[in-house]
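Hello,

Here is the structure I promised to hand over. Have a look at it first, and my notes follow below.

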Amino acid sequence: MNTGRTTEEFSIEKRGTLLVEDPLLNKGTAFTTEERIQHGLLGLLPPHVDTLEEQVERAYEAFCDFKEPINKHIYLRQLQDENETLFYRLMLGHITEMMPIVYTPIVGLACERFSHIYRRPRGIFISYPERDSMDAILENVERDIDVIVVTDGERILGLGDQGVGGMGIPIGKLSLYTLCGGVAPAKTLPIVLDLGTNNQERLDDPRYIGWRENRIKGEEYDEFIDLFVTAVKKRFPHVLLQWEDFASVDAERIIDRYRDDLCTFNDDIQGTAAVTTGTILAAIAAGGGELKDQNIVMLGAGSAGVGICLQLKQTMMAAGMSEPEARSHFYVIDRDGLLHSGRTDLDELHQQLAQPAENLKNWDCDTTGAISFADVVRNGKPGVLIGATGQAGAFSEPIIREMAAHVEHPVIFPLSNPTSRAEATPADLLEWTHGKAVIATGSPFDPVDHNGVTHTIAQCNNSYIFPAMGLGILASRSRRVTDAMFIAAAEALKETSPALKDRTASLLPSLTIIRDVSRKIAHAVALAAIADGVADSITEAEIDQRIEETMWQPEY
Ligand SMILES: NC(=O)c1ccc[n+]([C@@H]2O[C@H](COP(=O)([O-])OP(=O)(O)OC[C@H]3O[C@@H](n4cnc5c(N)ncnc54)[C@H](O)[C@@H]3O)[C@@H](O)[C@H]2O)c1
Ligand SMILES: O=C(O)C[C@H](O)C(=O)O
Ligand SMILES: [Mn+2]
């Protein structure tokens with residue numbers, strides 16, 4: 001049985017009811033007659049012995065019987081809690097249909113309704129009143145863990161503060177670590193840090209199952225995070241710790257503080273930067289252009305927006321551009337308009353993306369004071385527009401039409417999630433640009449027919465990166481996560497783009513080949529880790545061998 005557990009863990013043999021109730025070991029109706037006799041299961045299962053394929057067919061039928069996506073989600077989560085092998089085998093066979101149910105966008109709804117659809121526990125809940133018991137809490141995890149995804153639930157997709165309901169995100173992300181990256185499910189651990197919520201709807205909800213207080217902030221928050229990291233390092237010294245969906249200020253402070261302390265990264269900043277850089281590079285290359293010639297507008301200067309622009313800027317500089325020149329290619333817009341060097345309200349991070357004010361002297365602006373999104377598009381004539389605002393409709397028709405008036409094939413990425421928060425829909429973008437826009441979105445969208453041409457919409461989501469990052473880190477036994485590893489991931493992703501061969505094809509490969517894509521990215525990540533001296537030096541053949549050994553397959 002390939003469960004990803006160590007032999008030692010197997011020696012604590014489970015029998016009978018305890019065995020069928022352990023989703024990592026349970027085979028349900030697929031337990032053979034011999035196994036039923038050997039493991040005390042006689043009479044606990046119906047007499048027919050199924051193959052895994054038969055179980056998949058039954059499960060798919062049950063899945064199809066549910067009409068509402070949230071009910072499909074509840075069903076799949078329940079299956080995951082019963083039999084992980086079956087869950088992943090089913091998911092792998094129907095990935096395009098099921099990933100949006102387990103992950104974005106439906107996981108967003110599942111977070112909002114978490115306290116209502118709750119069935120059984122998965123992962124670890126650490127609430128503020130239990131802060132002094134972190135060691136004991138982590139001791140209750142009876143397995144060795146390779147990857148943790150942790151959230152504090154404050155910025156769940158574009159849906160804001162969901163408190164303990166944010167737990168849906170680490171569960172969904174880790175499902176993708178296994179599905180797309182092949183990390184053994186037994187080696188993954190979702191964690192929610194419950195420091196309260198400022199979402200009044202949740203606080204007023206009698207069903208709410210989180211710690212019913214307003215959020216802890218300031219020094220107490222930082223002390224809590226420090227206790228958490230210390231406890232994680234003690235219990236799982238080699239673990240990969242992924243931070244997910246924290247409010248921007250906390251996200252940046254935390255990763256700055258701990259990035260050299262353990263094997264860790266922030267997915268919204270670094271994973272998003274890599275997937276977007278890879279997809280942008282593919283879009284530009286497919287159109288015959290070069291990154292150095294692009295003016296890039298970023299709407300939204302939070303974790304995602306800043307992370308993306310800094311990686312793209314770094315890519316320009318790696319190709320030989322000076323820092324001031326590279327910076328002048330970016331027009332980053334926050335709620336107060338364009339970031340430029342004349343503004344006195346920018347912190348150090350945002351100053352790195354401020355447009356030199358002297359470049360704006362001849363701009364013709366509608367407004368005095370703040371320089372608006374419309375002003376930027378009209379004067380800056382960008383070829384690339386990216387949205388990371390969490391605001392539906394932020395890409396308005398007049399602005400998109402204005403952009404399309406200046407470039408032949410505008411590259412437009414409304415990256416906000418879930419679907420209801422996208423800055424624009426692909427159908428509208430194609431309509432407003434007469435079918436010329438080159439589009440990728442954060443959430444999945446169906447292909448769009450425009451004037452007889454079918455446009456496949458790539459899903460530019462960090463899900464193309466973090467599972468592969470995990471695979472590469474585990475395979476190379478990397479001890480830290482460096483920027484070069486994300487740059488390598490972006491480059492490797494770009495190389496897999498179908499649009500490089502046919503510019504009308506999707507910018508990103510189909511999910512049906514995601515495990516192959518992950519292998520390639522993991523290989524590049526491992527090489528970068530070795531080059532940076534954070535992983536043991538092994539040959540490329542050894543890397544590939546370790547990638548295959550690490551990849552868990554859903555089979556009995
Ligand atoms: N596709 C992906 O892989 C991916 C990855 C990460 C985040 N996201 C999505 O991006 C969005 C933002 O995530 P984040 O982590 O950066 O959040 P964030 O809260 O850190 O940043 C959002 C920023 O947008 C600004 N903003 C809001 N409306 C604006 C407007 N009209 N004009 C200019 N700025 C505006 C906010 O002030 C904030 O600074 C979310 O919807 C998230 O789901 C997508
Ligand atoms: O979760 C996603 O779909 C991507 C990203 O991490 C987000 O926060 O939106
Ligand atoms: Mn996220």
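Let me start with lysine 173, which sits in helix 11 (residues 168-181); helices here are DSSP runs of H or I with at least four residues, strands are runs of E with at least two, and both are numbered from the N terminus. Please keep in mind that this is a predicted model, where local features need pLDDT of at least 70, side-chain atom pairs count only at pLDDT 80 or more, and totals for chains, interfaces and linings use all residues. Residues are numbered from 1 along each chain as its sequence is written, while chains are lettered from A and ligands numbered from 1 in the order in which they are written.

Lysine 173 is buried, with 28 other C-beta atoms within 10 Å (buried means 20 or more such atoms, exposed 12 or fewer, partly exposed in between, with C-beta atoms placed from the backbone). Leaving out residues up to four places away in sequence, Lysine 173 touches Val149, Glu244 and Phe466, a contact being two C-beta atoms, placed from the backbone, within 7 Å.

The unreviewed UniProt entry lists Tyr103 and Lys173 under "active site"; such annotations may be inferred rather than shown by experiment. The two are spread over 71 residues of sequence, yet they cluster in space, with a largest C-alpha distance of 7.2 Å. Tyrosine 103 is in the loop between helix 7 (95-102) and helix 8 (106-112), and is buried too, with 27 other C-beta atoms within 10 Å.

As for the whole chain, there are 25 helices and 14 strands, and buried residues make up 49% of the 556 residues.

Best wishes
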